[in-house]
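Colleague: I've got a model open and I'd like to learn how to read its aromatic contacts and overall build. Can you walk me through it?

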Amino acid sequence: MKLGLQLGYWGAGPMTEAAALIRAAEDVGFDSVFTAESWGSDAYTPLAWWGAATSRVRLGTAVAQLSARPPTSLAMAALTLDHLSGGRHIIGLGVSGPQVVEGWYGQPFEKPLARTREYVRIVRDVLAREAPVTSAGPHYPLPLPADAAGSAGLGKPLKPITHPLRADIPIWLGAEGPKNVAQTAEIADGWLAIFFSPRMAGQYNEWLDEGFARPGARRSREDFEVAATVQCVITDDVAAALDRYRPSTALYVGGMGAKERNFHAELYTRMGYGEAVADIGRLFQAGRKAEAVAAVPDEMVRETMLLGTADEVRSQIGDWEASGVTTLMVTARDVPTIEALGTLVDGV
């Protein structure tokens, strides 16, 4: 099992400790570094800026949002970064949720599975550079049809001027539900799993196996990556660590999505926390955020973390590896934790 460093997206300002964290991660043998985006900092600019000081780690987006860029634009960014990094880029994509897609990007959210499939195909066609890129749509028609609203009718199929360094940059997809995970196993090179729980490995494997069994599936379990994001805190004071991360769980379950459609809430409900999810959502939507945080059970936070003493974390790492995770994408925010993880994973 490999280690990745998940830097995420920025809050009110840049992550000042990022350069030191990346340097430490590369020094102790981490395989990869990832950035993300929501509706603030973007994924590609920090990855290129910080990645310029690295020489070995792979550089990934986890995730770049589909609606932030047309697929040809994403492919341009990917082939550019892949050249600049000497072939170390991983394209990580995700659909985000309806509030962000429609509220921030002004794009329709519906049919996320079909949009993802079409988007990935176009990205692969750009990188292959075998012919001018065309797409019949319906989500990303190329060229824009002459009868489309506002069309000049002059569009022509194009292929990239720049020759990609790699014609097959790996594409990993963020997915939470059973249909999305199955499609990820069918069309992608890896799965970016958020709020992964080793306890649920049997269910995840069923979803993945459905995708691997489809005609034309791109990968098999033997060459498919499962990259799971996990917070890591090495400490004797478990209670304090749980309290520190409880607000984040409450936010994702209660506030990161519409009341009618919150994929994170659905995920935790499938994990068996339906009653708590309902309470957290009701309180959060009512503006009672402190009460929503207090309603998050300890185990709901702890189940998706590496938490405890060094020996306890070492044992937990073994559980994650046994569950099928190939890359642990840790969100550690201090150098000592990163250095300790390098030792702990080596000892698994």
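Predicted model: local features only at pLDDT ≥ 70, side-chain atom pairs only at ≥ 80, totals over all residues.

Colleague: How many helices and strands does the chain have?

Modeller: The chain has 13 helices and ten strands. Its radius of gyration is 20 Å, close to the 20 Å that the globule rule gives for 348 residues, so the chain is as compact as a globular protein of that length. Along the principal axes, the C-alpha trace spans about 65 × 45 × 45 Å.

Colleague: And what share of the residues counts as buried?

Modeller: That's 49% of the 348 residues. As for contacts with a separation of 6 or more, 75% of them come from residues 24 or more positions apart.

Colleague: Now the rings. What makes two of them a pair?

Modeller: Their centres have to lie within 6.5 Å, and planes over 60 degrees apart count as edge-to-face. That gives 13 aromatic pairs here. Take Tyr119 and Tyr140: they sit 5.4 Å centre to centre with 80° between the planes, an edge-to-face pair. Tyr119 belongs to helix H5 and Tyr140 to the loop between H5 and strand S6, so the pair ties together parts 21 residues apart in sequence.

Colleague: Are those two tyrosines buried or exposed?

Modeller: Buried: Tyr119 has 0% relative accessibility, and Tyr140 has a relative accessible area of 15%.

Colleague: Which residues form an aromatic cluster?

Modeller: Trp191, Phe196, Tyr204, Trp207 and Trp320 form one. Look at Phe109 too: Arg115 lies over its face, 5.5 Å from the ring centre.

How values were computed:
Residues numbered from 1 in each chain as written. Heavy atoms only, no water. Phe/Tyr/Trp six-rings, centres within 6.5 Å; stacked < 30°, edge-to-face > 60°. Helix = DSSP H or I, 4+ residues; strand = E, 2+ residues; numbered from the N terminus. Buried < 20%, exposed > 50% of the residue type's maximum accessible area, 1.4 Å probe, protein only. Lys NZ or Arg CZ within 6 Å of the ring centre and 35° of its normal. Rg over C-alpha atoms; globule rule 2.2 N^0.38 Å. Contact = heavy atoms within 4.5 Å.
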